[in-house]
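Here is a short report on helix packing and nonpolar cores. Please keep the sequence and the structure in view while reading.

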Amino acid sequence: MSDITELLVDAAADLLAAHGFHGLRMIEVASRAGVSRQTVYNEFGNKEGLVQAVAAHRTEEYLSGIVTRLKQDPDPWEAMRSAFRFTFEQTEKDRLVSAVLTGQDAEDLLPFLTTRGHPVLFHATEVVERHLSEHFPGRHVRLTAETTVRLALSHLLMPSGDLDSAIDAVVTVARATLEP
């Protein structure tokens, strides 16, 4: 990602968290990044393209942290616990993701994790699937990976208990499908 692209994505992320999709103005993004509005359009095409770039960038950041944690522990389940803990704790710190999840200041962003969240689901599922395939070759890892990611997203959207309970639920479901 070029420096200007990163500046624009960061500016857009801040503005999305504060104003949502409908409140995002390309001129404000340009102003925050110190460039012309035309530069923003040249870089992303339109507001939808800019928001997709923000989503892709944030997803990449999260997945990088998840991959790091999945590789840190030789026990596949402890590695998954660490990865999901990272994800849940990171969302609490991330103003944009918090806005998406809670609807606070940005109620129109929720579809980017639900009805329009295919890129997030797809890439997260791939990461979990690769991890599980290393430990459980030949099993139903794709189905387990997708189910696990969907369950984790569900816990993020509608927490039903504390962090440890959510992590236990996600890992327990994955484990039950792959171990006899």
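Contact here means heavy atoms within 4.5 Å. The model is predicted, so to speak of local features takes pLDDT of at least 70, side-chain atom pairs count only at pLDDT 80 or more, and totals for chains, interfaces and linings use all residues. Residues are numbered from 1 along each chain as its sequence is written, and side-chain values use heavy atoms, with hydrogens and water left out.

Start with Met-26, which lies in helix 2. Helices are DSSP runs (H or I, at least four residues), numbered from the N terminus. Met-26 counts as buried, at 6% relative accessibility. Buried means under 20% relative accessible area, exposed over 50%, and partly exposed in between (1.4 Å probe, protein chains only). Neighbours within four places in sequence aside, Met-26 is in contact with Arg-37, Val-40, Tyr-41, Asn-46, Lys-47 and Leu-50.

Two helix pairs can be set side by side. Axes are lines fitted to C-alpha atoms, for helices over the stretch in contact, and angles run from 0 to 180 degrees between N-to-C directions.

| Helix pair | Axes come within | Crossing angle |
|---|---|---|
| Helix 2 (residues 26-33) and helix 3 (residues 37-44) | 8 Å | roughly 105 degrees |
| Helix 4 (residues 47-72) and helix 5 (residues 76-93) | 8 Å | roughly 150 degrees |

Angles under 35 degrees count as roughly parallel, over 145 as roughly antiparallel, 65 to 115 as roughly perpendicular and the rest as oblique. Helix 2 is therefore roughly perpendicular to helix 3. Met-26, Ile-27, Val-29 and Ala-30 of helix 2 make the contact with Arg-37, Val-40 and Tyr-41 of helix 3. By class, these residues are six nonpolar, no polar and one charged. For this count Ala, Val, Leu, Ile, Met, Phe, Trp, Tyr, Cys and Pro are nonpolar, Asp, Glu, Lys and Arg are charged, and the others, Gly among them, are polar.

**Helices 4 and 5**

Helix 4 is roughly antiparallel to helix 5. On the helix 4 side, the residues that meet helix 5 are Tyr-62, Gly-65, Ile-66, Arg-69 and Leu-70. Helix 5 answers with Ala-79, Met-80, Ser-82, Ala-83, Phe-86, Thr-87, Gln-90 and Thr-91. This contact has seven nonpolar, five polar and one charged residues.

His-57 also has its place in helix 4. His-57 is buried, with a relative accessible area of 12%. Residues up to four places away in sequence not counted, His-57 touches Met-1, Val-9 and Asp-10.

**Nonpolar cores**

A nonpolar core is a set of buried Ala, Val, Leu, Ile, Met, Phe, Trp, Tyr and Cys residues joined through side-chain atoms within 4.5 Å. The largest one has 31 residues. Ile-66, Leu-70, Trp-77, Met-80, Phe-84 and Leu-132 have the most contacts inside it. Helices 4, 5, 6 (95-102), 7 (118-135), 8 (141-157) and 9 (163-178) each supply at least two residues. Helix 5 gives the largest share, seven residues. Apart from this core lies another of 24 residues, including Ala-12, Leu-16, Val-40 and Val-54.

Beyond four places in sequence, Phe-84 is in contact with Thr-148, Ala-152, Ile-167, Val-170 and Val-171. Leu-151, found in helix 8, is partly exposed at 22% relative accessible area. Leu-151 touches Ala-169, Val-170 and Val-173, with residues up to four places away not counted.
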